Amino acid sequence: MTVLAGFFLFPIVFMVVASLKNDHQIFADMNSFKAFLPTGDLSLANYAAVFDRVPFWRFLGNTLFVTAMVTGFGLVVNSMCGYALARMRWKGRGLVFGLIIATLILPFDTTIVPLVYLVANLPWVGFNGLTPVLELGWLNTYRVQIIPFIVNAFSIFLFAQYFKSLPKGLEEAAAIDGAGWLRTYWRIIVPLSKPVFATVAILTVVTSPATWNAYLWPLMTVQSEELRPVMVGVQYFFQLDTAWGEVMAYMTMITLPMVIVFLVFQRAFIQSIASAGMKD
């Protein structure tokens, strides 16, 4: 397992080491293990150049804001959907759950064009001072990066599977005490489901088309530099002369936060996946 992990770490190690070298040294070390070793003339010049090439902090702030909104609202909405599908009894529940799972078959790339057309024609109520104004189109806004991706079928599936593993006696005891569905969800189910919440949060941050790794969707729907996320900033390094040391420095700066987040929530992530996998 250690050897296998080493192979997966090679690209990350190369990226970090190359970010400390100039382009000439990067290509000179490519034919040896020096490419993975911090040897030669090392400096932080590439990191300084990143801030000259792109408005990094603006891109990072946009990404953090959109990621926080999509993840936060997604945890609430998807967990309530999962709770309704796993613990409540109502007609058509199985059909609705099946339709939600069926949407996982469709890759996002097949729906992105009609989705862009849809958000380009959706209305929105804005304000001109204190006067409400009806606006048409969501393009080039924060809401186009947030609202379409709050609901996620896989997140609903994970919540539903985890909630099914909880004892039914908890709800029966809550009902005897006079608690309704909403209170039972908030006061009993949520505190007992921290592992699955951590798992969904990690998966949303990493895999959602609008969060940390978002590239194609904001590239198609956001034209203003003030609203763009960090991944779109990568293309700035290829517009003129490509400086590979700067590219590696930029990618290191936007990769390490995700590695840290995963390491912090790793135990909860594994625990939730194991619990979902043991369901019949």
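**A serine in a loop**

Modeller: Of the 280 residues in the protein chain, 40% count as buried. S208 is one to examine against that background. Bear in mind that this is a predicted model.

Start with position. S208 sits in a loop.

Next, cover. The relative accessibility of S208 is 7%. The cut-off for buried is under 20%. S208 therefore counts as buried.

Now the neighbours. Leave out residues up to four places away in sequence, and S208 touches V70, F149 and L203.

The contacts of the whole chain give some context. Take those with a separation of 6 or more: 67% of them join residues 24 or more positions apart.

Step back to the overall fold. The protein chain has 13 helices and two strands. Its C-alpha atoms fill a box of roughly 70 × 55 × 35 Å along the principal axes. The accessible surface is about 16,100 Å², and carbon and sulfur atoms supply 70% of that. Charged side chains number 17 positive and 14 negative. The centres of these two sets are 16 Å apart.

Last, confidence. The mean pLDDT of the chain is 87, and 96% of the residues reach at least 70. Helix α7 (residues 143-146) has the highest confidence, at 94. Helix α13 (residues 244-277) has the lowest, with a mean of 77.

Methods: Residues are numbered from 1 along each chain as its sequence is written. This is a predicted model: local features need pLDDT of at least 70, side-chain atom pairs count only at pLDDT 80 or more; totals for chains, interfaces and linings use all residues. Side-chain values use heavy atoms; hydrogens and water are left out. Helices (H or I, at least four residues) and strands (E, at least two) are DSSP runs, numbered from the N terminus. Buried means under 20% relative accessible area, exposed over 50%, partly exposed in between (1.4 Å probe, protein chains only). Contact means heavy atoms within 4.5 Å. Accessible areas come from the Shrake-Rupley method with a 1.4 Å probe; for residues, only the protein chains shown count as cover. Lys and Arg count as positive and Asp and Glu as negative; His and the chain ends are not counted. The place of a charge is taken as NZ of Lys, CZ of Arg, CG of Asp or CD of Glu. pLDDT is the predictor's confidence in each residue, from 0 to 100.
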